[in-house]
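Below is a briefing on one chain of a complex.

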Amino acid sequence: MTFINYASREINCKIVYYGPGLCGKTTNLQYIYDKSNPGSKGKLISLATETDRTLFFDFLPLDLGTVRGFKTRFHLYTVPGQVFYDASRKLILKGVDGVIFVADSQVERMDANIEAIDNLVANLSSQGYDLLKIPYILQLNKRDLPNVVPVDEMRKQLARKNPMEPSFEACAAKGTGVFETLKGVAKLVLAELTKAS
Amino acid sequence: MPAPDIVMYEEEFNLIKQNISKLRVDANAKVVFLVDKNGQQIAAHGDIENLDTTSLASLTAGNVAATDGLARLIGEKEFSILFHEGEKDNIHISIVAQRVILVVIFDEKSSLGLVRLRVKKAAQELNDIFTKIMAKVEREKAAAGSTFESPFAEITDEDIDSLFAE
């Protein structure tokens with residue numbers, strides 16, 4: 001739910017990073033935080049356990065600049081990936097404008113990826129959204145590891161849209177593909193705004 | 001279905017600002033601010049210079065969402081008021097017009113009783129303002145009908161690319 005404020009000339013959009021546990025959602029946000037201009041980013045809030053597993057969400061506000069006289073601000077959220085935090089995941093999807101699914105490319109995590117995507121579809125629909133209709137990007141993360149599933153195979157198994165959703169290869173720990181992914185979803189979200197609502 | 005988009009116009013925005021600044025004075029509070037349930041800050045008033053209001057907004061919304069979840073688990077519709085007591089400062093959170101969150105931060109210069117009383121009155125006025133806003137959004141959409149043009153219709157790929165230019 002994009003919030004357009006004509007009074008202060010601001011557009012606020014909410015982007016959610018979704019994916020199985022330990023796939024690198026928080027790492028994506030951390031990299032964006034580290035590399036963004038201090039003037040354009042807010043504080044990175046991380047509600048995590050003592051072992052750095054996300055407990056509720058991570059949050060990073062990011063100012064991207066002005067479009068047609070409107071200040072565009074993106075609120076980036078991650079969800080907790082672990083299966084038993086499902087109730088929290090549902091809450092964070094409230095009012096979402098765009099979703100990035102971070103998939104773990106390792107062979108042994110493919111089942112977890114599929115389970116998490118199915119969970120995303122179900123949780124979106126419980127909030128009244130349809131994955132097929134909202135801005136959505138697939139990120140294939142951890143491409144630098146040795147035991148990865150080939151890109152074509154991953155896309156085949158994880159694609160839910162027709163035509164297939166855009167996907168980006170990434171290595172979030174090193175930053176490869178992180179901004180490309182964010183830009184991909186930002187484009188879709190802003191493109192959505194250009195349509196009559 | 002998801003709730004419709006909030007669109008804030010100058011006129012109502014000023015009414016809201018007046019309302020929360022009055023509430024701040026009446027309740028003798030330090031800060032009053034309004035957040036929508038998705039964590040977007042709508043308006044803020046008071047000593048906000050040293051306050052990270054963006055983070056405050058998202059955490060408040062998270063807090064309210066989690067509490068809503070708890071309420072439903074035990075068969076309640078919602079907990080309409082949350083109160084956090086600190087050593088010096090306290091936070092009073094309430095839901096207004098079913099969709100926005102009113103947050104009041106106050107210290108020993110005020111009291112929970114006073115804040116609750118003033119919030120109740122302000123909430124009624126805010127309720128009316130938000131009902132008006134939603135009606136206005138609906139009306140404008142209906143009036144424009146199929147010819148409705150988003151003010152962002154002219155956003156181009158170049159505009160978006162330039163946002164990401166280093």
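Chain B contains four helices and six strands, where helices (H or I, at least four residues) and strands (E, at least two) are DSSP runs numbered from the N terminus. Along the sequence, their pattern is β-α-β-β-α-β-β-β-α-α. This is a predicted model, in which local features need pLDDT of at least 70, side-chain atom pairs count only at pLDDT 80 or more, and totals for chains, interfaces and linings use all residues. Residues are numbered from 1 along each chain as its sequence is written, while chains are lettered from A and ligands numbered from 1 in the order in which they are written.

**Confidence**
- The mean pLDDT (the predictor's confidence in each residue, from 0 to 100) of chain B is 87, and 91% of the residues score at least 70.
- Within chain B, strand β6 (residues 100-106) has the highest mean, 96, and helix α4 (residues 157-163) the lowest, 76.
- For the complex, the predictor gives an ipTM of 0.78 and a pTM of 0.88.

**Extent and burial**
- Along the principal axes, the C-alpha atoms of chain B fill a box of roughly 50 × 40 × 35 Å.
- Of the 166 residues in chain B, 31% are buried (20 or more other C-beta atoms within 10 Å of the residue's own, with C-beta atoms placed from the backbone).

- Beyond its neighbours within four places in sequence, Val104(B) is in contact (C-beta atoms, placed from the backbone, within 7 Å) with Ala27(B), Ala29(B), Val32(B), His92(B), Val115(B) and Val119(B).

Definitions and conventions. Buried ≥ 20, exposed ≤ 12 C-beta atoms within 10 Å, placed from the backbone. Contact = placed C-beta atoms within 7 Å.
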